Amino acid sequence: MHKVASACWLLISLAAPSVVGLNAQSLLVRLDGDNLRITAPQLQFLVGKPLTRLKDGATAGFLGQLTLSTDANRTLQARAIARFVMSYDIWEERFSVTQIETTTRTAARRTISHLSAQAAQNWCLENLTLDLSRVPTDKPFWIRLEVRAEEPRDSAGVIGEPGINLTRLIEIFSRPSGAKSQTWTLESGPLRLADLKRAEPRRAG
Amino acid sequence: MKFLRAGSLVGGGALMFVLGLSSELVAAQFPATRITAEDNVNTRYTVESIELSGDVKPASFSSTLRENIQSIIGERFNPDQLQDLARQIRKELHLKSVTPHLLRGSTSEQVKVVFEATRRSIQFDVSVPKFLYHSKQGWSAQVEASTTVAHNAFTFGIVSDGDELTERFAGIVARYENLHAGSDRVHLGFQFESYHEQWNRATLLAIDRPYAFDSESTVPGIYRTRQNYQPVATFVVSKPLSITVGASFEQMGLQNGGTQSANAMIAGIRYRHAGEPGAASRQDIDAAYSLRAASRGWGSDFSYTRHRLGARYAIARGRQTLSDEVTAGFIAGQAPLFERFVLGTSSLLRGWNRYEIDPLGGNRIVHNSVEYGCRIAEGAGQVFYDAGTLFSRGQSSTVRHSLGIGYRQGVFSVALAFPLREGRVDPILMVGMNY
């Protein structure tokens, strides 16, 4: 079972050409108060089609997932998921990021603007944290970060007022398969809680 | 590998399998959370101008599309409106894609919009405007191919419909429309229809019974085929208001080999106002009146006047919508069966079997439908209440009621409707699109 699961992960990794794998060392993990935070200096997800859409004045959505496991990313111990919507100010040439958080009934939004591309990406990762109480104190663990660019809905033009447009449907299915959503994955581990550095305490004000 | 629910992920220390960032997981974490116009920082700018790039000329736009473009200039940038406009341009000009680009305007408060258009290698659309499965009536469907050359739109379609009329009709539709007859506000069109009819047994039995004849006008006999030649002119008075006038020359092939004609003058007026797409609160109004007047002076075997009035008002706030739709109709004189009104369809008195109400249809109709919808995931759950009466002159009118529930996502709907009556209740299932 163990080998089968490992083989599955290997196959999934090989069969996903859009997944950009990065070196494990590029995901840095630290402690900050009651949270476990990450930084990924080498990670650039504001690239390609999402960036083109942003520069055209549209919005681009990103989903981030941080998982903690105790056996090399096979068994999940804790998970955090966040959704971010970015836009690019045409005049100021700066990025704006909105984090959408859902409660039981409503969607709360937190927005930060006037950011450089790097600062916008960092803000997303800063807001992707794991509760320290979920981190095992007595055994090693692995951290995995996954960022996925949301594809804009492509059903536009297929279904509308005149019903189903078969011509448009054929066009969409005729596209090369490479036009899938982009995903970036980073991993770090095995780590021990005692070895993690604490973040510098932030100055008040 | 769905071994867990997203809701349990933040729970106790049970072992869980690592899953990727699947669509199901995201949908569970962010139910009904949409990216809104307010999430775009550029909404603080005003649209200075709208341009087109590629092999597309604004002169080929309809007056409605031009008015829609003009209405955005000078307003705050709204990405939802822009996407909607791009869809309209693509649909009207049968383009492969229309991509909006945002550029800096002449001042720091303004932006320019450039629509980049890409043409198709084949300049026509094939679409399915309607399909429906009705548990009492079976399937109804329509397939159309359309193309536009300069200001000329050509459409050819095949149809089999057991929902709209007393009979099932199947055949072809060919339509030509000139979208710029001297002015953008005048459209000239010609439609040809040719159908074969199939009659329900209940209708065939009813037409032979003497009491089926009402006091004013006899119910005419059935026909096997029907052809319609219909020239029309449409005048777009303003963006929401249009007037149509024309003529309809219908020829029916009878069982005995003979023919009958129903030649009529047709006229209609329509007011249609749609709220701003993507707005948190919107109101839609759609009202139409149509008149068909056949006279023996036109070489018609029938002489009648048919009036039909329909009005729909819908209000949407946040996740909820409420709509009311009224239909009323009246026929004076002797009209062929295809002109008679029907209740118990997929939109009128849903849940009732039309052949139980009146297998011949009626020449008086009053109907009201109230519908409440609440957004659930990507679609909307719906509850509706229909009430209506169908009768002919000299007959008493009986008001019938029905209730139903449904789910709509875009143009797709599934609904289960129940007639409100004593005795056995036989629900009707409807599944389809644009019905």
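Two residues are in contact if their C-beta atoms, placed from the backbone, lie within 7 Å. The model discussed here is predicted.

Q: What makes A:Phe45 and A:Met86 contacts of A:Phe62?
A: Contact requires C-beta atoms within 7 Å. A:Phe62 touches A:Phe45 and A:Met86, and its other contacts include A:Phe84, A:Cys124 and A:Val147. Residues up to four places away in sequence are not counted.

Q: Which residues have the most contacts inside the largest nonpolar core?
A: They are A:Phe62 and A:Met86, in a core of 53 residues. Strand β5 (residues 75–88) of chain A gives the largest share of this core, seven residues. A second, separate core has 12 residues, among them B:Tyr195 and B:Leu390.

Q: Why are β14 and β15 of chain B called paired strands?
A: Pairing needs at least two bridges. Strand β14 (residues 304–317) and strand β15 (residues 320–333) of chain B are joined by 14 bridges, so they pair. The two strands run antiparallel, and B:Ala314 stands opposite B:Ser323 in β15(B).

Q: How do you know that β3 and β8 of chain A pair?
A: The cut-off is at least two bridges. A:Leu36 stands opposite A:Leu130 in β8(A).

Q: What makes β2 and β8 of chain A edge strands?
A: The open sheet has the order β2-β3-β8 (chain A). Strands β2 (28–32) and β8 (130–131) of chain A each pair on one side only.

Technical notes. Residues numbered from 1 in each chain as written. Chains lettered and ligands numbered in written order. Predicted model: local features only at pLDDT ≥ 70, side-chain atom pairs only at ≥ 80, totals over all residues. Helix = DSSP H or I, 4+ residues; strand = E, 2+ residues; numbered from the N terminus. Core = buried A, V, L, I, M, F, W, Y, C linked by C-beta atoms within 7 Å. Buried ≥ 20, exposed ≤ 12 C-beta atoms within 10 Å, placed from the backbone.
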